[in-house]
Amino acid sequence: MKSYGVIIIGGGHAGCEAALASARMGVCTALISLDLEKIALMPCNPAIGGIGKGHIVREIDALGGQMARCIDKTGIQFRVLNSSKGPAVQGYRAQADKHLYKKEMRRVLESQDYLSLICDEVDELLFDNDSVKGLRTRSGLELNSRSIVITTGTFLNGRIHLGMKNSPAGRVGEKPSIKLSQSFLEQGFELGRLKTGTPPRLLGKSIDFSQCEIQQGDDDPKPFSFSTTKITQPQVPCYITYTNTRTAEVINKNMHLSPLYSGVIEGVGPRYCPSIEDKVVKFPDRVSHHVFLEPEGLNTDWIYPNGISTSLAEEVQWELVRTIPGLENADIVAPGYAIEYDFVPPTQLLPTLETKKVKGLFHAGQINGTSGYEEAAGQGLVAGINAALNFLDRAPFTLSRMESYIGVMIDDLVTKGTQEPYRMFTSRAENRLLLRQDNADTRLMGKGHKFGLVSNEDYNFCLLKKETVEKEIKRLNTTKVVPNQQGKELVSKLGVKSLKTPTTLAGLLKRPEITYSQIIETFNGASVSKLIGEQVEIQVKYEGFIQRQKQVVAKQKKLESYRIPTDFNYEGIPGLSCEVVQKLENIRPTTLGQASRISGITPAAVSIIMLMLK
């Protein structure tokens with residue numbers, strides 16, 4: 001039996017980040033995948049990032065992960081979403097060349113020291129009482145490890161639906177993992193059932209793009225990775241068209257053939273990325289819905305019509321597609337489909353993503369009920385780090401919701417669980433002004449550097465950036481403009497009509513109509529990079545809001561400082577109802593802060609537990 005420090009099961013986005021994190025920490029690691037040619041595949045939309053999701057990608061980069069660097073090398077359209085709004089809710093998004101992306105990620109994996117790629121199917125996990133000790137594959141291979149990360153995506157007892165036809169599959173044309181679900185049940189894990197889907201793929205040359213709205217990328221593409229200086233890939237446009245009443249008519253007359261509405265599909269689908277059938281049924285008053293026509297790569301003519309995910313029969317898909325302007329003669333090269341799969345409700349996990357029932361067993365990605373490449377990759381990175389730390393007998397690593405979007409996501413999952421595919425939004429982060437995507441490096445890069453995932457060069461650049469920003473803010477706070485003739489003339493160039501009292505440059509910059517570049521130009525300030533200037537402007541303009549949010553975080557940290565022992569007995573504590581005790585026993589929160597976020601746990605119950613801990 002061959003031994004590895006860490007074994008990763010699954011080669012999706014979670015598995016890639018987990019494997020790289022573990023190997024980069026110097027631990028002998030194996031990544032097992034059914035098909036090594038499909039590592040880091042994008043089976044759904046060929047894009048990375050978005051509102052909230054983009055924050056996660058930048059945090060992955062700050063912690064030493066790979067997703068941001070990979071998309072920077074293979075992205076074919078970059079855009080900043082919500083660019084007209086405040087920095088807390090802006091989000092980077094990039095259209096990917098999906099074929100180049102998986103090729104680049106596989107290159108990185110194959111060149112990584114301490115990492116082996118194995119093409120096989122895992123049939124069974126091996127246990128030693130309440131600890132994992134290894135696994136057995138379909139080929140009969142037995143591998144020994146006391147740190148295993150499960151990142152099986154939609155393969156866990158997966159079943160594909162296309163019209164009224166359905167068959168076992170992890171993705172179209174790929175076998176599901178059936179026996180692994182049985183392993184979880186035998187160990188006493190609770191399983192649930194979720195559903196997701198994908199639209200048909202269209203042939204680009206059959207589309208009349210002249211009937212569609214063109215959607216160009218940004219003129220100055222902003223990279224995801226803090227180490228990328230410039231985007232060098234050729235950039236291409238996307239297009240927008242719309243469904244109409246004829247589309248709805250086609251869907252409604254064929255609804256009896258929908259597995260979603262005929263009771264064949266039992267799993268719960270994603271609320272924020274519904275199928276076109278769901279849109280027509282749930283929003284009957286909407287005349288049309290957006291359809292984003294996204295190229296899948298530079299060297300393919302396949303187009304991804306984002307917005308018409310469906311599991312209707314293939315002949316119905318042809319009919320509904322051809323009701324859409326620009327798609328009247330469109331050819332389908334691959335039909336859309338729905339897929340159901342098992343997941344392990346994440347309240348059975350610790351904040352480290354280690355399972356509570358089995359020591360050394362970690363879960364990451366869609367097995368935890370999430371939806372999206374970015375959410376999966378963020379979990380994979382945390383699980384990979386902790387699997388390596390478990391092997392090295394070192395203290396575990398956690399991210400709090402007060403310091404990262406990844407922490408928000410994990411805390412939501414392990415504390416509240418999910419009944420539907422979980423998707424990240426900026427609205428989920430109560431401290432989002434502190435957790436901006438522009439400051440992910442200064443928030444998290446020190447943690448990645450500590451584990452050896454961030455190079456000295458990148459970390460030193462981050463420290464220099466932080467120091468330069470602080471020095472420039474100090475200069476703005478100490479440089480005053482007095483209301484003499486010269487001062488009045490200078491501020492008038494900024495649109496300030498009168499200056500009655502001495503004002504600092506920082507005070508002027510806090511005015512919404514004044515930019516940092518105007519301050520530098522008007523007062524002959526020392527030239528700093530655009531990157532530094534953006535940070536200075538954000539921190540000065542939002543200083544009051546940032547300070548108030550920091551005060552709230554300080555109070556939250558006080559609750560987080562109360563650690564709850566794993567064997568803490570809630571039963572018999574005066575003042576705690578049976579319902580509260582049951583919820584606390586089920587979740588087993590690790591801190592008082594986590595306990596306070598469990599649904600149904602009252603402030604009075606938190607106070608009682610605090611007294612008992614004291």
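1. K614 lies in the segment that follows helix α20 (603–613). The model is a predicted one, and in it K614 is exposed, with a relative accessible area of 67%. That value counts as exposed because the cut-off is over 50%. Helices α1 (residues 13–24) and α9 (residues 373–391) pack with their axes 7 Å apart, at an angle of about 30 degrees. The pair is therefore roughly parallel, since angles under 35 degrees count as such. The crossing of α1 and α9 is right-handed.

2. Which residues of α1 and α9 make the contact? From α1 come H13, A14, E17, A18, A21 and S22. From α9 come Y373, A376, A377, G380, L381, G384, I385 and A388. Sorted by class, the contact of α1 with α9 holds nine nonpolar, four polar and one charged residues.

3. The crossing of α3 and α4 is right-handed.

4. On the α3 side, the contact is made by M67, C70, I71, K73 and T74. On the α4 side, L100, Y101, E104, M105 and R107 take part. The residues of the contact of α3 with α4 divide into six nonpolar, one polar and three charged.

5. How many disulfides does a search of the whole structure find? The search finds zero. For C70, the closest cysteine sulfur is that of C16, at 8.4 Å, which is too far for a bond. The cut-off for a disulfide is a pair of cysteine sulfur atoms within 2.5 Å. C70, one of the α3 residues in the contact with α4, is buried at 1% relative accessibility.

6. Is C119 buried, partly exposed or exposed? C119 has 48% relative accessibility and so counts as partly exposed, the cut-off for exposed being over 50%. The closest cysteine sulfur to that of C119 is again in C16, 14 Å away and too far for a bond.

Definitions and conventions
Residues numbered from 1 in each chain as written. Predicted model: local features only at pLDDT ≥ 70, side-chain atom pairs only at ≥ 80, totals over all residues. Heavy atoms only, no water. Left-handed = near helix turned anticlockwise from the far one by under 90°. Helix = DSSP H or I, 4+ residues; strand = E, 2+ residues; numbered from the N terminus. Contact = heavy atoms within 4.5 Å. Nonpolar A, V, L, I, M, F, W, Y, C, P; charged D, E, K, R; others polar. Buried < 20%, exposed > 50% of the residue type's maximum accessible area, 1.4 Å probe, protein only. Axes fitted to C-alpha atoms, helices over the stretch in contact; angles between N-to-C directions. Parallel < 35°, antiparallel > 145°, perpendicular 65-115°, else oblique.
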